[in-house]
Amino acid sequence: GLGIRFLKHLSRTRLLVHLVDMGPLGKPVEDVKTIMNELASFSPELAQRERWLVLNKVDLLPPDERDRACDEVAGALGWQGPVFRISALSGEGTDALVQAVMVFIETAGE
């Protein structure tokens, strides 16, 4: 589990980012559902906070399967918020994610 101390820390944030492993051994849908259930059990308010889905390790997916695999994960989750596809290792997609987070932080207080 996430642990009570960590969950209390999350309650002070404006944005929750679900960083999930899209590599061959990852279970992205299961992982996100587990975290979502834990957030809801701890605090329904926290579970309703702005959340983004970040699909990591897309570089490990065959290029011709990336879009389908990422779309399947978002679809299986019924994800309504932003979805980012990144590779932390290569840096692919990370600039767009960082820029979007900065814009969110700068405008969230308005």
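L77 touches V29, V32, K33 and L53, leaving aside residues up to four places away in sequence. L77 also belongs to the largest nonpolar core, a set of 13 residues. The model is predicted.

**Nonpolar cores**

- Seven members of the largest core touch the most other members: M22, V32, L53, L55, V73, L77 and W79.
- Helix α4 gives the most, with 5 residues.
- Another core lies apart from the largest one and holds 8 residues.
- Among the residues of that other core are L15, V54, F84 and A100.

**Salt bridges: overview**

- Side chains of opposite charge can pair when their charged atoms come close.
- The count for this model is 7 salt bridges.
- Three of them are described below.

- R68 forms a salt bridge with E72, and the closest N and O atoms are 2.9 Å apart.
- R68 and E72 are separated by about one helical turn, because they sit 4 residues apart in helix α4.
- E72 counts as partly exposed, at 46% relative accessibility.
- Salt bridges with shared partners join E65, R68 and E72 into one network.
- The side chains of R68 and E65 meet in a salt bridge at 3.5 Å, N to O.
- R68 has a relative accessible area of 43%, so it is partly exposed.
- E65 is partly exposed too, with a relative accessible area of 33%.

**The D67–R85 link**

- D67 and R85 meet through their side chains in a salt bridge at 2.6 Å, N to O.
- This pair links distant parts of the chain, 18 residues apart.
- D67 lies in helix α4 (residues 66–77), while R85 lies in strand β3 (residues 83–85).
- D67 is partly exposed, with a relative accessible area of 49%.
- The cut-off for exposed is over 50%, so D67 stays in the partly exposed class.
- R85 is partly exposed as well, with a relative accessible area of 31%.

**Helix α4 across both topics**

Terms used
Residues numbered from 1 in each chain as written. Predicted model: local features only at pLDDT ≥ 70, side-chain atom pairs only at ≥ 80, totals over all residues. Heavy atoms only, no water. Salt bridge = Lys/Arg side-chain N within 4 Å of Asp/Glu carboxyl O. Buried < 20%, exposed > 50% of the residue type's maximum accessible area, 1.4 Å probe, protein only. Helix = DSSP H or I, 4+ residues; strand = E, 2+ residues; numbered from the N terminus. Core = buried A, V, L, I, M, F, W, Y, C linked by side-chain atoms within 4.5 Å. Contact = heavy atoms within 4.5 Å.
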